[in-house]
Amino acid sequence: MGHRQTAPGSGAAKLSGDRSGKNRTGRAHRMTHRQMTAIRVDPEAVMTLMKTAAEEIVMPRFRSLKDGEINEKDGGELVTIADLETEKWLTARLPDLLPGSIVVGEEAVFADKAIMDRLVGADPVWVIDPIDGTWNFANGRTAFAVMISL
């Protein structure tokens with residue numbers, strides 16, 4: 001079983017040892033308010049990643065998607081090459097902003113529902129919707145956005 005370690009004077013706790021995301025009773029760990037407020041991420045760094053992804057991956061494909069770059073998921077939702085590439089790019093970079101954090105992306109969850117299990121546990125989780133409003137994006141409408149939450 002893991003145990004909690006607290007850095008002297010920091011008030012920030014971290015889980016070490018067992019990384020199963022379960023406590024001694026078998027229930028999922030829940031971060032306390034104190035632990036959540038100890039998380040520090042530079043919002044400008046997050047914005048820089050979002051802006052770079054938009055400039056380098058999303059916008060070059062806006063109104064210029066080619067045949068085969070738009071697909072339909074279950075339920076009629078669309079996914080584009082821009083969704084997939086943006087999510088992959090952000091997934092590789094966001095954990096650098098907060099070591100020990102993990103990522104749950106919309107397109108990854110569609111491919112593997114077990115990824116949702118990452119939402120339970122002690123590790124901070126980035127949640128990504130690489131292009132919220134994919135239908136609008138794919139149809140040349142401007143109501144879409146790159147969305148990230150922590």
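Predicted model: local features only at pLDDT ≥ 70, side-chain atom pairs only at ≥ 80, totals over all residues.
Residues are numbered from 1 along each chain as its sequence is written, and side-chain values use heavy atoms, with hydrogens and water left out.

The protein chain contains 5 helices and 7 strands, taken as DSSP runs (H or I, at least four residues, for helices; E, at least two, for strands). Read from the N terminus, the order is β-β-α-α-β-β-α-β-α-β-α-β.

The chain has 150 residues, and 33% of them count as buried, that is, under 20% relative accessible area with a 1.4 Å probe. With contact meaning heavy atoms within 4.5 Å, 50% of the contacts between residues at least 6 apart in sequence join residues at least 24 apart.

Helix α2 covers residues 43-58 and helix α3 residues 81-97; their axes come within 10 Å and cross at roughly 155°. The two helices are therefore roughly antiparallel, the term for angles over 145 degrees. The crossing of α2 past α3 is right-handed.

On the α2 side, the residues that meet α3 include Ala 45, Leu 49 and Ile 57. Their counterparts in α3 include Glu 85, Trp 89, Arg 93 and Leu 97. By class, the residues of this contact are 11 nonpolar, 2 polar and 2 charged.

Definitions and conventions:
Buried < 20%, exposed > 50% of the residue type's maximum accessible area, 1.4 Å probe, protein only. Axes fitted to C-alpha atoms, helices over the stretch in contact; angles between N-to-C directions. Parallel < 35°, antiparallel > 145°, perpendicular 65-115°, else oblique. Left-handed = near helix turned anticlockwise from the far one by under 90°. Nonpolar A, V, L, I, M, F, W, Y, C, P; charged D, E, K, R; others polar.
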